[in-house]
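Please look over the sequence and the structure shown here. Some questions on sheets, domains and the chain contact follow.

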Amino acid sequence: MRKVAFALFLLLCPSSLSLQGQEPFCTQVANYFMDVRLDIERQTITGKEWVTWTNSTDSPALELWFHLYWNAFQNNRSTFLKEDGGRGSDLYRFGREDWGHCRIGSIQIIESADFDPFDLTSRIRFRQPDDGNPFDQTVISIRLPQPVAPDQTIDLVIAFEAKVPKPVSRTGVHNQYYFIAQWYPKLGVFQDGEWNCHQYHRASEYYADYGTYDVQITLPSSFVVGATGEHREQEDNGDGTTTHRFFQHSVHDFAWVASPHLQRFTEEYAYASDKTTEITLLLQPYHRKLRDRYLNAVKNAVRYASLWLGDYPYSTITCVDPAYNSRSGGMEYPTFFTGGAYFLSRPGIPRPEAVTIHEFGHGYFYGLLGSNEFEQAWMDEGMTSYLDAAVYREAYGDPVFWRNFFGIPVTFPQVRIPIESEGISSHRMTWNRDEMQRNAWQYMDTESYGANAYAKAALLMLTLRRYLGEEVFDPMLKAYSTRWWWRHPRPSDFFAVVSEFAGQDMSWFLDQFIYGSGHLDYAVGRITNRPVPPQKGWFGLEYRTGQEDRPGEQVYESEVLIRRLGEVKVPVKVLIRFSDDRTMLLDWEGQYRWKKYTFRSSAHVTQAVVDPDFVYVSDINRTNNSRMLKPARLAPWRWAAVWLHWLQHTLELFAFIGS
Amino acid sequence: MKALLNFLKGFHQSASLPQLILLVYVVNILVAIPLAVTLFDSLQDSFGDSQVTERMSQGFDYLWWEEFRDDNEGLEATFSPALLGKGAVLSSLENLIRWKFLSFPPWLLLSACFYLVMRTLLAGGILHTYSMKGNGHSGQELLKGAAAHAPQFAGILLCGWLSWLVILAPLSSGLNSWVRHTARNSYSEIAPFILNLLVSAVIFALFFLIQMVLDYTRISVVIQERRSLWHAFRAGIGLVARHPLSTIALLGMMLLVQAVATAAYLLLRALIPQDGPLGVAAAFVLLQAFIFTLAWIRCWQFSSQMHLFRYLN
């Protein structure tokens with residue numbers, strides 16, 4: 001098989017990629033044909049990749065830039081591991097053989113109509129565009145002997161060795177479970193006349209151009225393998241190894257998993273009347289009883305995402321149940337992702353469902369739209385977080401609150417977690433640390449990265465849905481998605497679609513969330529009701545004694561103070577309820593710091609609620625949004641008693657043992 | 001048989017002196033109430049006059065709780081929906097066995113320490129009262145007993161804490177780091193889960209064993225009128241060493257009674273709807289009955305152990 005590999009490549013590339021009868025969905029800018037071998041003794045992946053790259057921009061490319069992500073794991077001075085600060089890894093226990101790397105043995109231009117053969121190996125330069133860290137070798141540049149002109153294609157062959165590290169982050173080997181991601185020399189994105197090729201950072205994911213991946217992997221025959229794309233064929237080499245071939249066009253990455261322990265389950269799923277896809281679940285044997293939950297979660301994700309974001313276009317989906325301690329859980333790659341589960345997970349606890357839906361959802365915002373996760377992480381993470389929260393609730397309802405006691409999950413069915421809670425807590429705790437739109441590695445800390453890229457952006461999406469209304473938001477989101485498939489949208493592109501569907505320029509709204517670091521908090525300041533005293537004194541020429549008004553017709557002057565406590569200014573509705581059960585819904589533009597409403601009526605105000613429809617889910621203090629004249633006084637008694645139960649029992653238990 | 005006999009004797013004696021149980025219960029609630037009032041104020045402040053009051057009267061407002069948790073630390077941080085129903089019992093058990101109480105807010109830790117000291121003093125009085133035959137079960141005698149044995153009992157309490165610091169804490173830490181090490185190379189999460197449970201069980205058993213020895217040490221101080229803690233401790237450990245089956249069987253019975261009482265309480269509590277003042281009041285009364293029962297079980301244990309001590313000596 002391997003002998004025909006190169007011949008096959010020559011047929012496929014360079015510029016006349018036929019895709020073996022398949023029509024690509026988009027321009028295939030960066031195409032990779034790989035022939036690699038996994039050596040489980042040396043923990044290495046060695047082989048060659050043939051790359052064809054087309055300059056799809058209007059500027060000539062004088063250099064080529066590549067990511068060598070695994071060099072982040074070759075020593076503790078890399079930018080990734082410095083930023084990690086030892087949190088996400090067990091570096092202190094790393095031995096000589098545990099580190100990873102990605103080394104290029106040679107890189108050559110293949111002869112073509114536009115280029116002469118040329119050995120580029122000596123021109124490799126490590127680059128550190130983000131922080132200048134000389135120990136970081138995760139990016140290289142190569143000066144070309146001649147520029148790649150617009151629309152011109154260059155063909156390269158690269159010999160490389162990737163050393164599989166112990167699990168560090170998203171990749172590595174653990175107990176014969178190989179999760180192999182970001183493992184090969186991979187081109188950056190040439191755009192705006194320069195290479196967008198960032199170093200590997202702890203708090204960042206990826207960005208790449210679309211293309212075709214045709215990958216042959218040789219490894220021990222006992223291994224079960226899963227990867228991006230279709231499993232085209234496999235051939236027993238007769239030496240205890242098997243070569244597997246995977247193929248996928250119109251994607252921007254390729255990842256794979258291999259382990260002798262994985263169990264494979266495959267189902268064809270029709271998610272619409274004329275649409276099917278093949279779902280493959282690679283499951284750890286000790287999670288066997290979670291098989292149906294995983295598969296149902298994938299099906300729900302495909303079904304709703306197709307409905308809301310456009311029909312899933314690929315013919316395969318591979319979901320991997322990550323091995324324990326492999327650090328590969330909860331990650332997305334084109335057509336291929338990892339979930340995460342716990343063997344005691346009970347129905348109602350959203351594991352593995354939530355993470356499965358989330359990672360599949362990335363297949364849209366990261367996979368199909370190709371958002372730049374280095375520079376606009378929120379456009380993937382935040383939108384995906386919104387999607388997973390919405391899909392989960394549509395499919396399963398609100399999850400129940402649960403907690404582990406002695407490692408055993410215990411559910412509290414009386415407490416449900418509403419969608420409005422998605423992300424609000426981390427936003428509340430970190431709102432003033434950063435603006436949402438930042439390079440992923442330039443947030444104040446990891447917490448702020450999570451709060452902005454995931455939580456705040458998800459809150460923005462839900463807020464937008466409620467502000468615009470489902471009838472506007474849902475078609476808007478679908479249009480944004482399908483229009484930008486395979487096109488790398490930027491924030492302005494999202495703004496444009498939102499404004500188009502809203503029928504107005506929505507920058508006033510989006511700017512505050514995306515480029516601002518203020519918080520949103522509207523509150524009911526106070527309610528006052530004063531009986532209007534009878535008229536007494538001179539009123540023009542008439543003297544009134546105060547006795548003229550008929551008894552029993554008490555009139556009240558009521559005042560409701562609404563306050564804007566945060567920096568974010570949005571129009572709000574205010575609901576006023578009167579003692580005669582009348583209600584009044586008022587609009588306030590929400591610009592100044594406060595607004596007073598006064599009423600004169602025989603009924604007094606009993607309740608005021610600002611934003612009664614809970615449009616602004618990013619309001620960091622929801623409790624102060626309402627005020628009642630007669631609140632239910634039972635609540636603190638009831639819950640103080642619950643806490644007292646715990647306290648008295650704790651004291652008694654301690655005393656039972658301690659004295 | 002010896003254990004059962006003395007278990008029944010203990011029941012009889014403790015039931016015949018309910019005032020002692022009441023005293024233990026009163027100390028519990030007196031320590032708990034100031035903290036509960038503090039939390040009550042915090043809850044009331046947080047609820048304010050908002051619609052949350054209605055939602056929290058009828059059920060649990062998860063969004064409000066997140067706000068409350070995020071905006072507060074200290075005592076308020078211990079309030080969580082995980083304290084509902086069986087969660088409260090599991091939580092206090094886990095806090096004890098997995099040393100999570102160390103992360104309690106200072107006021108709670110101080111109150112717990114104060115409570116242990118109070119209970120230590122009371123234990124002297126209770127054992128002294130139980131040790132008296134015939135009349136003399138007056139409050140004065142109780143105080144006399146408490147004061148007379150206070151130095152030794154304080155010493156025993158310190159021994160208990162020392163045993164935690166010197167034996168259980170290092171053992172627990174060692175076992176836990178062994179589990180973590182094993183977990184790193186483990187094929188699945190099942191083995192670490194089982195190992196963690198086993199470690200908890202071992203620590204739990206050792207904890208009880210040590211406390212049982214210290215209980216017999218206390219009894220030795222009272223009924224053998226020992227001034228020397230060392231001699232009392234030798235008497236306590238000697239008794240357990242000579243009669244492991246009887247002493248452990250008695251302890252097992254007491255733990256079983258406690259487990260049954262807890263299960264009964266949780267079942268009854270689940271039957272009470274708490275969406276109205278009557279329900280809340282009924283739940284409170286039931287809770288106090290439960291705490292009273294736990295206090296009774298502790299007194300019952302003292303009495304049974306004292307009878308067993310006498311029986312075996």
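This is a predicted model, in which local features need pLDDT of at least 70, side-chain atom pairs count only at pLDDT 80 or more, and totals for chains, interfaces and linings use all residues. Residues are numbered from 1 along each chain as its sequence is written, and chains are lettered from A and ligands numbered from 1 in the order in which they are written.

Q: Which residue of β23(A) is the bridge partner of Y333(A)?
A: Strands here are DSSP runs of E with at least two residues, helices are runs of H or I with at least four, and both are numbered from the N terminus. Two strands pair if DSSP finds at least two bridges between them. β22(A) and β23(A) (residues 336-338) are antiparallel and share two bridges. In β23(A), the partner of Y333(A) is F336(A).

Q: Why is one side of β19 and of β22 of chain A left without a neighbour in the sheet?
A: The open sheet has five strands with mixed pairing, in the order β19-β20-β21-β23-β22 (chain A). β19 (263-272) and β22 (332-333) of chain A stand at its edges, so one side of each lacks a neighbour because each has a single partner strand.

Q: How far apart are the C-alpha centres of domain 1 and domain 2 of chain A?
A: The bounds come from an automatic or database domain assignment. Domain 1 covers 1-261, and domain 2 covers 522-545 + 552-635. Their C-alpha centres are separated by 63 Å.

Q: Is V117(B) buried, exposed or partly exposed?
A: V117(B) is placed in helix α6 (residues 106-131) of chain B. A residue is buried if 20 or more other C-beta atoms, placed from the backbone, lie within 10 Å of its own, exposed if 12 or fewer, and partly exposed in between. V117(B) has 16 other C-beta atoms within 10 Å, so the class is partly exposed.

Q: Which element gives the most residues to the side of chain A that touches chain B?
A: Residues are in contact if their C-beta atoms, placed from the backbone, lie within 7 Å. The contact takes 61 residues from chain A and 75 residues from chain B. Among the elements of chain A that give two or more residues are β25 (408-416), β34 and α11 (634-658). The most, 25 residues, come from α11(A).

Notes. Two residues are in contact if their C-beta atoms, placed from the backbone, lie within 7 Å.
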